[in-house]
Each structure stands twice: as C-alpha cells, then as structure tokens.
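Please keep the sequence and the coordinates at hand while reading.

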Amino acid sequence: MFASPNETGIAPSGSLLGLLQRGRGDGWLHALAAPRAQAVAALERCVTHDPRQDWRLEHRSLYYARLYVELDAGLDALAAHLLDPDDAARPEEERTGLTLSVLGHLTSYGNQDAMRLLRRYAVVGANWRWALDELAVRDDDAGLRALGPEILARFPRTEEGDAALTAAVRDSFEPRPWHLWAEDPGRPGQRARLERALEHGDFDRWQRQMRPSGPRPGWSVRAVLDWAREGDEQTPRQRREAAAARCLGAVAGPEDRPELLAAAAGEQPAVRAAALRHLAERGDPAVFGLIEAAAAAPDRDVATAAVTAFSRMRQDAALERARHWARREDDLGLCAAAMVADRGRAGDAPLVLTALLRAVRTRGSDARELRPLVEGAGRLAVTAAVPVLRHVYRETSSSHLRGHTARALAATDATFAAGFAVECLWDCEEDTREVAARCATTVDTRVVERLRSLAADPAERAGVQTAVRGRLAGRGRC
C-alpha cells in the first residue's frame, strides 16, 4: 500500500505532529519538551491513523511504544479505535495493524493494560489474527489457553466453519497458540478439532506445493507470446509479461530472434513487454532502440515495460547507454540515472547530482525514484549534494527513504555526526539508529545517555545494540 501525504494527512515537517508522523528522532525529543497533553494527543493521532507511506517497509510501532512509556500515556484512545463499530465495516489490516503492534511492544515493557486489550480484541475484533500473533510471542501459556474456546467460537461446527478453521491454522504467522490449544488436556473436544485442522492444513500445504495452480504456456516462442496476449485480453486482466519472459528464456533460441524483435516492436502491449524483457536480459544489441521507442509509446503499460526491461540490464553497454539517457526528463531518464548512481564511477557524480535535483524538483521529496539517487550520492561521495540531501531528510514522510538519506549524509556531510546523527538515535528505523550509533558525536551529553539506554533495552534490534556497544567500548566511528 502506497499513499500520498495528502491521503494520510501528513502535517508540516516542522510541527510536532509532522515530526512524529515521519518517525523522526526530533519528534521524540520535541514530544518530551512539549506540554504533555499536546504530545499525547499527537501520539494518539499517529497510532490510530497510520501515517506511513508503505506500511510493509516502514517501522513505527517500537518508536511509538517507547514514547507511550516515556509519556506514561493511557490506552483509552487505542481501545476506542480498536473497538469502534467501524472495525467490523473496515476489517483491513491497515486500519488497526499499527495500533496492535504498538500494544504488542507495550506488553514487552510490562504494560498489563496493553495485554488485556490485545486479548479482548483477539476475541471480538475483525483483525483478530494480528492480535493473536502479537500475543503468541508475548503472552504466557495460561493466558493463551484461556483464549482457545473464544477464538474457536469464531468457527461454527459446520463444513464451512471447519474449512475456515483449517485455513486459519494453515496460514497463521505464529502457530504457537494453535498448538497449545491442540495439546490442551482439559478440553478434549477442542483438542480433537484442532488436531484435524492441523493435519488438514499440512496436507493442503503439501498439495499446493506439489500441484501449482494456474495456466501454463505451450513449449514454443509463439505459444508463450500468445499466452501473454491471452492473459492481457481476459477480464479481469492477468499480467503474464514477467512469467512469459522467464518462459522465453527456456524456449527461445538464436533462430527465434527475428520473431522476438518483431514482437518487441509490435502493437500488443503484453507481447511487446515480454519480448522486451527477454531481449534486455540477454543484452541483445538491438534492444536499446526498441526500449527507447517503447518508452515514448502512448500506451502507459508499454512505456513502463520498457523502463522495467532496461532497469534489469547489467551489461557494460547498458551502463554506457544509461549515461546518455540520464539527461532525459522522463521515466526512462530517471531509470538511467538510477543505474548510473548504482554502478557508475566518480566521474558520474555530476550526472547523479543533476538527476537528484531534478527528481526532487519535479516529483517531490517522497518520490520512490529518489532512493537509488540518494544512495548513489552517498556511494560516490557527492559533497555538492549535501543541501538537497538535507532537504530530503527533513521533508520526506518516508522513514525508509530518510534512512537511506541519513547514510548518504554520513558519507558526504562533515556536520552529520554533530547534527542529524544525534537525533537519528531516536529515529523509528533500526538501520537509521544503527548509523547514528556509529556516527553520533559523544561531545553531546544526550548521545552517551541514549547509547546506554539502547544498550539496556531488550526490545532494541541486535544490529543497533552491536553498534551501540562498540561505541560505548570506544570502538569505531563512521
């Protein structure tokens, strides 16, 4: 799930709410300095209205849970959010996942109210599987066993209910509760039912592995291309371009090159995309002209397929062409600039800087295309990029991108250790905290205190604690 700042209601980067929504270390520090009621209100807003651009990549739960502990904030707002009547109408994970994760971390810090709320939501909530997964790694055996009858009551003793139970057991992320309930000697009926579900789940998983579903193309170039076209023409549409390209790698020979070149220049989008990707992966010398033509095609799918095909090329010839295309102001130009940023040499620094400035100017500080350019600026030590990197660091609502930007600043900005690195010790992303632990100057008294706090926190990630202990032992600086 990707969302724009407008869709998630991201506040300005200089406000307390905006800082907390971004997961910045400065947000944590500002919250402690602000009036408590204001800080708690901003924190509750973040936890009940997930501000992340991409909830699968970005982390906030530990950051918010630590702040809940520091502010000694109550859980009434979280309970109201989870138990709202809207929960049944909007059962999607995005609505409640962050709240449940925060509660999970709070239980690790000994908050029994959080444990009770998780147990209650597991029984009555729509996103009960997430709550159960949080409890599975934190609750004791007695607490989990007590939930068994109420969770199983969700599945009526009918054929459909038994099938739903088998699917829930089979697809569970944390299997511990199900096995505890299946081994509960005090509830023989529950035990027998779950043993059947576990057995059927294992059998279903084996069947899926042994009998992959879905249509398969015939064993020729023409059959593969026809299969890609048929998927494109179905309703709903089936995207088979990537799979078709892989199949072409198995069936195409030198004698098929004319047919593939014709397909890559043709009109049918799926056929064209599959052929372009196949030719690009094999570094066919004619593919650059085909990619350039496809990138300018009015069909958006064809243009995207051309950029994707080029992005997968690893040959030296592709890098040389990327240096030429990096000056373009379209998607192909951004892709080419990313390739130069990833694989170029020191002499390519001006190209990377120009592309980075253009991307920020035209696409904003949240553009997904920024990550490889930011990484390239750091890898090539483009010191002239420091001002724009600082801008991205401050303004982006993506903590994932901010982490990459922090690493680039560590390699390019002489003031990083005494500046952004200090606040990064409180950042929501563990990789960013690790960079800070290696780089932040200990002249600032807050740094040593924070390093000791992270070293003693059992919830902190292993990589961060390794870096922290190295600094406290006087080893290493970035």
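In this predicted model, Arg 300 and Asp 331 meet through their side chains in a salt bridge with an N to O distance of 2.7 Å, the term standing for a side-chain nitrogen of Lys or Arg within 4 Å of a carboxyl oxygen of Asp or Glu. Because Arg 300 belongs to helix α20 (residues 300–311) and Asp 331 to helix α22 (residues 331–343), the pair ties together parts that are 31 residues apart in sequence; helices here are DSSP runs of H or I with at least four residues, numbered from the N terminus.

Salt bridges with shared partners also join Arg 222, Asp 226, Arg 229, Glu 233 and Glu 259 into one network, and the structure holds 43 salt bridges.

A further salt bridge pairs the side chains of Asp 139 and Arg 119, at 2.8 Å from N to O. This pair links distant parts of the chain, with Asp 139 in the loop between α10 (128–136) and α11 (141–152) and Arg 119 in helix α9 (residues 112–124), 20 residues apart. Asp 26 forms a salt bridge with Arg 24, with 3.6 Å between the closest N and O atoms.

The table gives relative accessibility, where buried means under 20% relative accessible area, exposed over 50%, and partly exposed in between (1.4 Å probe, protein chains only).

| Residue | Relative accessibility | Class |
|---|---|---|
| Arg 300 | 54% | exposed |
| Asp 331 | 23% | partly exposed |
| Asp 139 | 4% | buried |
| Arg 119 | 26% | partly exposed |
| Asp 26 | 22% | partly exposed |
| Arg 24 | 5% | buried |

Residues are numbered from 1 along each chain as its sequence is written, and side-chain values use heavy atoms, leaving out hydrogens and water. Local features need pLDDT of at least 70 and side-chain atom pairs count only at pLDDT 80 or more, whereas totals for chains, interfaces and linings use all residues.

Note on methods
Helices (H or I, at least four residues) and strands (E, at least two) are DSSP runs, numbered from the N terminus.
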